[in-house]
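Hi,

Here is the structure I promised to pass on.

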Amino acid sequence: MILADKIIDLRKKNGWSQEELAEKLQVTRQSISKWEGAQSTPDLNKILAMSQLFGVTTDYLLKDEQGEPEYVTTEDEITPRKVSMEEANTYLSVTERTGKWLALGVAMCICSPICLILLAGAADTGTVSEGAAAGIGLAVLLLLVAAAVALFIYIGMKRKPYEYLESEVIETAYGVSGMLREKQERYRATYMRHLVIGVCLCILSVVPLALGALMEYTSASIWATVGVGALLLMVAVGIYMIIRGATPWSAMQKLLEEGEYTRQNKTGKNKRLSAIGTAYWMTATAVFLAWSFISNDWNRTWIIWPVAGVLYPALMGLLGAFRRDQ
């Protein structure tokens, strides 16, 4: 591996853009671009600066025959955990198999109140008794949630040996990075297709609710309830598509230490942001279920999810800005 490729590899593993690396080395972005394009070579002072910045030896940077990073050992340094080709392939395989079950479990949770909502609407029209509607609806809801929780436990057990990929600094064996980038390029179109379809379904899910509300003025009130059920079903399918598409992509990003899984995001305050995000969505779920069961007004409590979705990026943006100012 030549110096140009090493600079690219180390820069991406640290999650830096060319502009950010240029700022740290006090050079122009054009200089970084020329170094990475093998159009010019940094002088000795910049080689030493990059050695300290990336935490690797100068021998690794200067010797083309050294394909694997040789990290500088200090008291405060965390030695990267080695990931072999076999381990990387096994992780990708496990993630691919469990990804569909994760997507199904989340979709089941979203769909769990549909039966209760529809039966409650039917009870309002006198088609079924309120007792039967509540009993059957709650039974279906609890069965779906229980099945989803069982899937989540199974997935957690299968993925537990690879939890370190989210929190520990890693170093992939020779050839793994190239294999992953090749897989990424082949999978990119599939990932984008799932993402676009999923997002569009979530956006369009409001349409049946609006149509149901419109029909309520001209027909039986059951149409508004059907609209809510259709909304939840479309959201469930949309989220299923997003998770199915994003899971393999996320797995590759973890192994490449890209996106949300850069080395900076695995330590310190960035880890706390992840914990805050988890607590946020668990709180939103608890509020949704508590409000829905107490008020039994499932036709309106769904509004929690779009509101939570809008507030989440604002909250994380504010926390991120606060973290940078510290």
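**Salt bridges around K13**

K13 and D9 form a salt bridge, with their closest N and O atoms 3.5 Å apart (that is, a side-chain nitrogen of Lys or Arg within 4 Å of a carboxyl oxygen of Asp or Glu). This is a predicted model, where local features need pLDDT of at least 70, side-chain atom pairs count only at pLDDT 80 or more, and totals for chains, interfaces and linings use all residues. Residues are numbered from 1 along each chain as its sequence is written, and side-chain values use heavy atoms, leaving out hydrogens and water.

Both K13 and D9 lie in helix α1 (residues 3–13), four residues apart, about one turn of the helix. Helices (H or I, at least four residues) and strands (E, at least two) are DSSP runs, numbered from the N terminus.

K13 also meets E171 in a salt bridge (2.9 Å, N to O). E171 lies in strand β2 (residues 170–172) and K13 in helix α1, so this pair ties together parts 158 residues apart in sequence.

Buried means under 20% relative accessible area, exposed over 50%, partly exposed in between (1.4 Å probe, protein chains only).

Elsewhere, K254 forms a salt bridge with E166, closest N and O atoms 2.7 Å apart. K254 is buried at 10%, while E166 is partly exposed at 44%.

Cheers
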